[in-house]
Amino acid sequence: MNIKERPNHKIYLQVLRRMTPAQRLLKAFELSEFAKQLFTYGLHRRFPDLSDKEFKKILLERLDKCHNRNY
């Protein structure tokens, strides 16, 4: 098994432990929004010529596929 080195992992955990629960929740929301923006940007790059309506349709279809259906 190849273990990837993560030299900053301990620091990352220390930072998380110093955060309040509210700060950690806010960070989770920020990361979720960032991931959605990155996904949308990548989709725009892949389909640059789509109309807004066509793009939104593809975006919603892709997001639906990503949704965890266990909830």
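User: What are the ground rules here?
Analyst: It is a predicted model: local features need pLDDT of at least 70, side-chain atom pairs need 80 or more, and totals for chains, interfaces and linings use all residues. Residues are numbered from 1 along each chain as its sequence is written, and side-chain values use heavy atoms, without hydrogens and water.

User: OK, which residues of H3 are buried?
Analyst: Phe55, Ile58 and Leu59. Buried means under 20% relative accessible area, exposed over 50%, partly exposed in between (1.4 Å probe, protein chains only). Helices are DSSP runs of H or I, at least four residues, numbered from the N terminus.

User: Why are they on the same side of H3?
Analyst: They cover an arc of only 100° around the axis, so they share a side. The arc is taken over directions from the helix axis to the C-beta atoms.

User: What do they pack against?
Analyst: H2. Contact means heavy atoms within 4.5 Å.

User: And what is exposed on the other side of H3?
Analyst: Lys53, Lys56 and Lys57.

User: Switching topic. How many salt bridges in the whole structure?
Analyst: Two. The criterion is a Lys or Arg side-chain nitrogen within 4 Å of an Asp or Glu carboxyl oxygen. Glu30 pairs with Lys27 at 3.0 Å, N to O. Glu61 pairs with Lys57, with the closest N and O atoms 3.5 Å apart.

User: How far apart are Glu61 and Lys57 in helix H3?
Analyst: Four residues, which means about one helical turn. Glu61 is partly exposed at 40% relative accessible area, while Lys57 is exposed at 53%.

Note on methods
Helix = DSSP H or I, 4+ residues; strand = E, 2+ residues; numbered from the N terminus.
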